[in-house]
Amino acid sequence: MKKTSRIISAVMVSAMAVSMLAGCGSSSTGSASSTAASTAAASADTESAAASGATFKIGAIGPLTGGAAAYGNAVCNAAELAAKEINANGGMNGYQVEVKTEDDELDNQKSVNAYNTLKDWGMQMLVGPTTSACSIAVSEYTKDDNMFQITPSGSAVDCVKYDNVFRVCFSDPAQGTASADYIAEHQLASKIGIIYDSSDVYSSGITQNFVTEAQAKGLTIVSQEAFTADNKTDFSVQLQKAKDGGADLVFLPIYYTEASLILQQANTMGYKPTFFGCDGLDGILSVDNFDTSLAEGVMLLTPFAADADDDLTRNFVAAYEKDYGGTPNQFAADSYDAMYAIKAAVEKANITPDMSVSDICEAMKTAMTQITIDGLTSSGMTWQASGEPNKEPKAVIIKNGAYVSAE
Amino acid sequence: MTDKILKAMTLKGKAAAGRKSPAATYAFVIAAYAVLELFIRTGVMSSHLQGLLVPMVYYAIVAVGLNICVGILGELSLGHAGFMCIGAFGSAVFSLLTDGVLPDGLRFLFAFLVGVALSTLFGFLIGIPVLRLNGDYLAIVTLAFGEIIKNLLNALYLGIDENGLHASLSNQMALGLSPDGKMLINGAMGVTGTPHDANFTISVVVLLIALFFAQNLVHSKHGRAIMAIRDNRIAAESIGINIVRYKMQAFTISAAIAGAAGVLFSHNISTLQATSQNFGYNVSIMILVYVVLGGIGNLRGSVIAASVLYLLPELLRGLNKYRMLIYSIVLIAVMIFNWAPAAITWRENLAAKIRAGRHGRKENA
């Protein structure tokens, strides 16, 4: 009996811990932007419902709570924003658009659940999921249902292995190769240290290709240190190895939460190399309690800079800031472009909302390869039948607490 | 001889347990299955709910498995997600290897056996040193085991080509795979392309088999010996029960059932990654929460608790951000209701009152 009560107390303590964690996960993201998102969604729904009977129903999936919430919220908010603009300008092919968003908590199984929920709602096309692993899991189901899927930011190679799936961002190999090329071309460094997340698809995918390309370009990699999802608070060992190796550039193909810790710890150590990352670093300026002055001079390879002075970017940033607060990141831009790509393809193939999901998908598959989009993330974007986009990478540097084009 | 003493000893316990007869548990599961299947057939059930059924059942299975360890054996295990992980990866790799070689049904049957056999083996190996000890060592070792398995699989690269299997712990390039080779486990990217063999019916059959093993164990000579060890180790030892052997038996069966749940896990979703959300210690603790809230030692309770608690956060999707908050409040409320002394007294009083009321009515009539 004593043993049983001991077990019970242990379980209760752990369950409390679990529930507290869960509580934290949801409360930390209960920010102004998410409330704004839901009200905006509600108003978008009522507007479109009032306009006409037939509407395009587009679903968006992303992590709206938890550690990667900045990505999911950006994708979902921007999809709603694009839908509002499209509706105000006469809709897609003359029909209004409805957008509904679901949370996947960065979990494959939850992402499939979110997809099924959206399907029950009557979704005809999917923008998402936001992250690679979720996107791969969901693509198995969209393939079976023959539903058109465009992931704004699922960058792993396997995300687009089926012909009904397209993406807006670069693939991981493309990002790794492009990063190494950029570093070599601009002679940013000769000795490079890498810190990556070996338990993450995105991070290890980029690292593999970066290493191959860096060697081909004659760059020396002095340290290649991994961490895992369970062990991501102390990076002093990894930083020390890079420092001991004399790395003058540290490549961080990781997400922004860990990167913010790395920057803090490097600062404490008095180690000041150039930090270079990929699109996962986008969002680092919005980390809670992070001293953004530490991020000064951090470079990242991302197709979108909020400071760009073309009309499209300026209007998008202004509208996003007005509706959701905060500067939009690359994920928002990808999602916005995804919506406009759908619009262009729908109009190209003359798709109407009364067509079946499968017919829409078939028509979209051909139409996607025929359109050219001048979007936020690149001008003159086109798509291959494999689902990969053709676009140019851009580097961005953080100056005075803002993302600025590095050119 | 020993068994006779045990039978006498547990007679009282049996009378109490008699209210939950094994047949009633099977009937309950089959009835629930029939109702849900009817909903699916008539098209009443949303595809969201349909997608939740298989995960719900495999969490119920692993809860039954853990209940053997925690409830019947009285040892705390915090690594059942690790056994699930082994079952999942073992069977997924087998399925990839034999895809196209064996017919679908046979392939899944063998994959199932491979997954269960692997997790049984690991349960056995871990049990050898740890179950000889008294105290809370099993909890510590299984906790570490679960984490080790997860991290190992995250770093493991396994591929196959015409020269046979290649394995590496550094990266994909180190495998030296020929161009037409096939990656089986690709590090953090895990296993992709596992055939979608598991469905609701198969899962329920596996649950019934797991329950059959668990309930027969509890009501057998071995089960009585195991429960005697749980209740009083010294007394059990004094009447000649081989403590280590029975502990091993219970723990290995428990690990095997967790492995079976893992097989269903990997054959229900085509991408399998050893992430913390899938197989981390939080998942082990979540399974333990199912067991404790369903009632320690109560197999049917585990099935119900796992099903309800898995579905709850999903069914609360409509509440958006607040759903995880509400989920945790529900957990705390159920825990207080089940285990707080005041709540137990209140429940007993209530039950007594109801009983008294019934008697009163009978006497009046």
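**View 1. B:L158 faces B:A167 across a strand pair in chain B.** In this predicted model, B:L158 stands opposite B:A167, a residue of β2(B). The two strands shown are β1 (residues 157–161) and β2 (residues 164–168) of chain B, which pair in the antiparallel sense over 5 bridges. Strands here are DSSP runs of E with at least two residues, helices are runs of H or I with at least four residues, and both are numbered from the N terminus. Strands count as paired if DSSP finds at least two bridges between them. A hairpin through 2 residues links β1(B) to β2(B).

*How to read these views.* Residues are numbered from 1 along each chain as its sequence is written, while chains are lettered from A and ligands numbered from 1 in the order in which they are written. Because the model is predicted, local features need pLDDT of at least 70 and side-chain atom pairs count only at pLDDT 80 or more, whereas totals for chains, interfaces and linings use all residues.

**View 2. B:A214 sits in helix α8 of chain B**. This helix covers residues 200–218. B:A214 counts as buried, with 26 C-beta neighbours inside 10 Å. Buried means that 20 or more other C-beta atoms lie within 10 Å of the residue's own, exposed means 12 or fewer, and partly exposed is in between, with C-beta atoms placed from the backbone. Leaving aside residues up to four places away in sequence, B:A214 touches B:V64, B:I68 and B:L299; contact requires C-beta atoms, placed from the backbone, within 7 Å. Look also for B:G65: this residue is 149 residues from B:A214 along the chain, yet their C-alpha atoms are separated by 7.7 Å.

**View 3. Two residues of chain A have a positive phi without being glycine**. Most residues other than glycine have a negative phi. A:L106 has a phi of about 65 degrees and lies in the loop between β2 (96–103) and α4 (108–121). A:Q187, with a phi of about 45 degrees, belongs to the loop between α6 (172–185) and β6 (191–197). Which of the two is buried, and which is exposed? A:L106 is buried, with 24 other C-beta atoms within 10 Å, and A:Q187 is exposed, with 8.

**View 4. A cis peptide bond joins A:G128 and A:P129**. Its omega is about -10 degrees. Most peptide bonds are trans. A:P129 lies in the loop between β3 (125–127) and α5 (132–145) of chain A.

Methods. Two residues are in contact if their C-beta atoms, placed from the backbone, lie within 7 Å.
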